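Here is a friendly tour of one chain, for a reader who likes to know the cut-offs behind each term. Have the viewer ready and follow along.

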Amino acid sequence: MKFSYIIRLLLILALGSACILSSTLARYTDEYTASDSALVAKWNFRVGSSADNLHNLGFTFDVFGGEALQPQDYGDNTFFISGGESDVAIDYQVYMNVQVLQTDIGWSTSADDDYPPLIFRIESDSETAEATIEDPYDTWFDLQDIAADEEGYFLIASGHLEANSEELVPITIYWWWNTSYYTGTPNPDQSDTGNYYAEAVADYNILVNRYDACVHDANAFFQDHQRIVTNVVEGEETFTVVTYQCIEGCPYSGDEAHMNAYQDLRDDVDDAEDAIDNSWKVKYDQYDTKALSALRNLESSSPQSIMIKVSGEQVAPAEL
Ligand SMILES: [Zn+2]
């Protein structure tokens, strides 16, 4: 009996039976094939959205929670990997595929990796069974510098489940619409006071206040320095004489000095306006507008889908 058991186990290993689950955003498609002999040992590798919702055939997992993406949105979603008390130990790998999101939104003509401004972070947080998250996907990463295979998959996590393990290994995908990773300096601070967009809005408001002050100063100039133009007719000739009624202590003497001073104030207004146009808030808004348009086009041609592939391989028992 003992001999027969070992033969059967070896048979399983020789078949190399593995459970490969792949999915679009919405659905896992099971490619698991088993033979009768493989059923001698219990093989119950599964994935699912909760302990009560584990499947080896397919399950629904929606990274973005079914919502249309909007600027600054963020969220997370978790799925679980289970050995399901299989008789054998299991090595598993988790792959992600974001190819469909890697579509150029046409932000700049020089770069072709202006993608929708989404960033991601993978976590496996559990007291009992954690997966190892691949560097650099354990911190925020964008869509621009991903080293994927030909099909677009890249390894985000891996781990080991002992034989008979009933642990649930959580894999959490955090996502954030963070335009600072695509134009500007990446700002990963998700605190209430440090949100990249809130910071940009605060800077923008300062620039708007400065612009208003410059406009006010320019508008006030001719109130403080009243320019009086008089036409003087002498015989057949007409002269224009410009004089000023100024506030006390006016430092300008003559029309040219006044007009130069006024032009300086107008230049300040133009500079303040340029500063607003070049502010991060305005750039983020412009980038986001293009991204939203690109995502809408994407949605009409194909679903916005992130693909997850989970594979598990049986590991030979140590005594074999
Ligand atoms: Zn004056």
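Ile-122 touches Ile-133, Tyr-137, Asp-138, Ile-156, Ala-157, Ile-171, Thr-172 and Ile-173, leaving aside residues up to four places away in sequence; contact means C-beta atoms, placed from the backbone, within 7 Å. This is a predicted model, where local features need pLDDT of at least 70 and side-chain atom pairs count only at pLDDT 80 or more, while totals for chains, interfaces and linings use all residues. Residues are numbered from 1 along each chain as its sequence is written.

Ile-122 also belongs to the largest nonpolar core, which has 47 residues, and is listed among those with the most contacts inside it, along with Ile-81, Val-94, Ile-156, Ala-157 and Ile-171. Such a core is a set of buried Ala, Val, Leu, Ile, Met, Phe, Trp, Tyr and Cys residues joined through C-beta atoms within 7 Å; buried means 20 or more other C-beta atoms within 10 Å of a residue's own. Strand E11 gives the most to this core, with six residues.

| Element | Residues |
|---|---|
| strand E7 | 118-123 |
| strand E11 | 168-177 |
| helix H2 | 196-224 |
| helix H4 | 280-301 |

E7 and E11 also sit in an open, antiparallel sheet of six strands, ordered E4-E3-E5-E11-E7-E9. Strands E4 and E9 are at the edges with a single partner each, so one side of each has no neighbour in the sheet. E7 and E9 pair over two bridges, DSSP needing at least two for a pair.

Conventions
Buried ≥ 20, exposed ≤ 12 C-beta atoms within 10 Å, placed from the backbone. Helix = DSSP H or I, 4+ residues; strand = E, 2+ residues; numbered from the N terminus. Contact = placed C-beta atoms within 7 Å.
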